Amino acid sequence: MNTTAAYGFYPQDIVLTDIVSNLNQAGFENESICMMLPPGHPIASMVRDASLFNAEKEASAVTAGLIGWLSELGAVLIPTVGFFIRSQAFFHALMVAREVPALCGNAKTLVGLGFSETEAERFEDQLGNLGALVYVSCTEGAKTLWAREVLRHTGAQEAATLEQSTQEERLSAAAMA
């Protein structure tokens with residue numbers, strides 16, 4: 001997996017389709033976007049409650065549309081609920097964990113995306129408290145900075161590049177030593 005990436009944490013009430021739309025308009029393809037949602041996120045609830053036998057046709061159509069949209073992204077991971085992986089790059093990166101529970105969105109999954117173990121554990125904790133992690137894989141450093149700015153502009157409570165995250169962790173470790 002290319003470890004050139006930007007990421008942002010969003011509150012649960014953010015409209016994720018708007019974030020993806022903004023990223024698309026800024027030149028990022030759906031296949032380069034990965035989301036991790038906590039099990040309590042409204043989207044997670046809809047996916048969990050999806051049923052082929054739902055008597056309400058309107059609700060069923062909305063859920064089918066949502067699942068279709070999620071499956072267009074590079075990857076969507078919802079711990080204890082499930083995952084959608086379309087992108088080969090995300091598939092290979094996320095297989096680092098080699099365990100289905102890990103694949104559904106824990107710290108090992110984040111390590112597979114290029115985060116250090118310390119950062120991955122911090123983000124795993126944050127994910128439950130915030131609402132969503134949006135991760136954008138990029139092929140060039142300049143695009144990574146642009147992705148970070150788009151994430152900030154769309155309301156990310158924390159937005160950075162993977163490189164920044166690693167540098168900040170090194171500085172923090174050096175200060176503690």
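## Strands β2 and β5

In this predicted model, strand β2 covers residues 33–36 and strand β5 covers residues 132–137. The two strands pair in the antiparallel sense, and four bridges join them. One of the residues involved is M35, whose bridge partner in β5 is V134. Strands of a sheet pair through backbone hydrogen bonds, and the pairing may be parallel or antiparallel.

## The whole sheet

β2 and β5 belong to an open sheet of six strands, arranged in the order β4-β3-β2-β5-β1-β6 with mixed pairing. The edges are taken by β4 (82–85) and β6 (158–161); each has a single partner strand, so one side of each is left without a neighbour in the sheet. From one strand to the next, the twist averages 10°.

L77 has F83 as its bridge partner in β4. Three residues lie between the strands of this hairpin, where T80 takes a positive phi near 65°.

In a regular strand, side chains alternate between the two faces of the sheet.

## Helix α8

Helix α8 (residues 141–153) lies across β1 (5–10), β5 and β6, and runs at about 10° to β1. With 13 residues at 1.5 Å a residue, α8 should span 18 Å; the C-alpha atoms at its ends are 19 Å apart, which agrees. After the helix comes G155, with a positive phi near 100°.

Five names make up the list of buried residues in α8: T144, A147, R148, V150 and L151. Viewed down the helix axis, they fall within an arc of 160°, so they line one face of the helix. An α-helix has 3.6 residues a turn, so residues three or four places apart point the same way. A142 and H153, on the other side of α8, are exposed.

In soluble globular proteins, nonpolar side chains tend to be buried together. Here the largest nonpolar core has 29 residues, and L16, L23, V134 and L151 have the most contacts inside it. At least two residues of this core come from each of β1, α1 (16–25), β2, α2 (42–48), α3 (57–70), β3 (75–78), β5 and α8. Helix α1 gives the largest share, four residues. A second, separate core has 19 residues, including Y7, F9, F115 and A120.

Apart from its neighbours within four places in sequence, L151 is in contact with A6, Y7, G8, Y10, I19, L23, V134, V136, A156 and A159.

## Residue S60

S60 is placed in helix α3. Is this residue buried, exposed or partly exposed? Its relative accessibility is 24%, so S60 counts as partly exposed, since buried means under 20% and exposed means over 50%. Between S60 and D49 there are 10.0 Å in space, C-alpha to C-alpha, and the two are eleven residues apart in sequence.

## The protein overall

The protein has nine helices and six strands. Of its 177 residues, 44% count as buried. Among contacts with a separation of 6 or more, 68% are between residues 24 or more positions apart.

Terms used. Residues numbered from 1 in each chain as written. Predicted model: local features only at pLDDT ≥ 70, side-chain atom pairs only at ≥ 80, totals over all residues. Heavy atoms only, no water. Pairing = 2+ DSSP bridges. Axes fitted to C-alpha atoms, helices over the stretch in contact; angles between N-to-C directions. Contact = heavy atoms within 4.5 Å. Core = buried A, V, L, I, M, F, W, Y, C linked by side-chain atoms within 4.5 Å. Buried < 20%, exposed > 50% of the residue type's maximum accessible area, 1.4 Å probe, protein only. Expected span 1.5 Å × (residues − 1). Arc of directions from axis to C-beta.
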